[in-house]
Amino acid sequence: MKKWSFLALMMLLGACTADYDTFDTSDYRELKEIAVAEQGGSPAIYSEQHRIEFDLVEVPDSLDTWESVTLEELDLSHFATLHLVDGDIDEFPKDSAGLDSLANKVKYSKNAIEQGETLQIPASHVLYVVVISESGKKSVWQLKFNIPNVEPESGSESSSSSAKSSSSAESKSSSSEK
């Protein structure tokens with residue numbers, strides 16, 4: 001009996017320490033929650049349309065408009081990363097087939113966006129990001145910023161080519177050098 005118990009214990013131990021490659025990589029690329037410091041209330045998340053709208057607080061008297069926002073909260077699927085879309089998006093699809101097709105075509109920045117980073121708001125007030133799973137599958141999202149008493153510039157929806165992100169550490173060091 002002891003021999004069988006020992007054998008069972010060894011098999012259990014072996015199963016618990018199995019190589020992670022046995023389980024392959026994760027395809028999960030869900031954007032669960034996102035928040036910016038300058039928002040008033042919670043963002044409106046339209047999961048099926050891959051669209052999020054932020055209602056920002058009043059622009060302080062010292063500024064003409066919000067030029068950037070600070071990513072205060074970010075919750076993604078485990079092992080997924082968030083990146084800014086590089087280039088232009090002429091039209092953002094509303095159906096899942098169009099979203100999947102767009103996600104496969106977009107180019108994105110190599111550096112992942114992390115919590116605490118600053119995102120530049122384009123003149124159109126629309127920004128595009130892509131969530132990338134561990135396995136490389138992508139999901140594109142539209143972020144729209146509603147700024148009180150400031151109208152977005154009309155024109156094409158393409159705005160991510162001018163958007164940038166920077167970590168708070170980088171922005172602190174560059175502002176102290178000026």
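**View 1. The largest cavity holds about 30 Å³ of space.** Keep in mind that this is a predicted model. Searching the whole structure turns up one cavity of 30 Å³ or more. Around the largest cavity you'll find Gln 49, Arg 51, Phe 92, Pro 93 and Lys 94 as the lining. By residue class, that lining splits into two nonpolar, one polar and two charged.

**View 2. Six strands make up an open sheet with mixed pairing.** Reading across, the order goes S2-S3-S9-S8-S5-S6. Strand S2 (44-46) and strand S6 (107-108) are the edge strands, each pairing on one side only. As background, the strands of a sheet pair through backbone hydrogen bonds, and they can do that either parallel or antiparallel.

**View 3. Strand S9 (residues 138-146) is largely enclosed by the rest of the structure.** Why say so? Because seven of the nine residues of S9 are buried. In the strand order of the sheet, S9 sits between S3 and S8, and the next two views take those pairings in turn.

**View 4. Strand S3 (residues 51-55) runs parallel to S9.** Five bridges hold this pairing in the bridge list. Zoom in on Phe 54 and you'll see that its bridge partner in S9 is Phe 145. Glu 53 has a partner in S9 as well, namely Lys 144.

**View 5. Strand S8 (residues 126-132) pairs with S9 in the antiparallel sense.** Seven bridges join S8 and S9. One spot to look at is Val 129, which stands opposite Trp 141 in S9. S8 and S9 form a hairpin, with five residues between them.

**View 6. Ser 26 lies in the loop between helix H1 (2-16) and strand S1 (31-36).** A polar atom of the Ser 26 side chain lies 3.1 Å from the backbone nitrogen of Tyr 28. Leaving aside residues up to four places away in sequence, Ser 26 touches His 78, Ser 133, Glu 134 and Ser 135.

Note on methods
Residues are numbered from 1 along each chain as its sequence is written. This is a predicted model: local features need pLDDT of at least 70, side-chain atom pairs count only at pLDDT 80 or more; totals for chains, interfaces and linings use all residues. Side-chain values use heavy atoms; hydrogens and water are left out. On a 1 Å grid over the protein atoms alone, a cavity is a set of points where a 1.4 Å probe fits but cannot get out, and a pocket is an open set with protein on both sides within 12 Å along at least five of seven lines; lining residues have an atom within 4 Å of a point. Grid points are joined across faces, edges and corners, and a volume is the space filled by probe spheres set on the points. Ala, Val, Leu, Ile, Met, Phe, Trp, Tyr, Cys and Pro count as nonpolar, Asp, Glu, Lys and Arg as charged, and the others, Gly among them, as polar. Buried means under 20% relative accessible area, exposed over 50%, partly exposed in between (1.4 Å probe, protein chains only). Helices (H or I, at least four residues) and strands (E, at least two) are DSSP runs, numbered from the N terminus. Two strands pair if DSSP finds at least two bridges between them. A polar contact is a pair of N or O atoms within 3.5 Å; within protein, one must be able to donate a hydrogen and the other to accept it, and residues adjacent in sequence count only if both atoms are side-chain atoms. Contact means heavy atoms within 4.5 Å.
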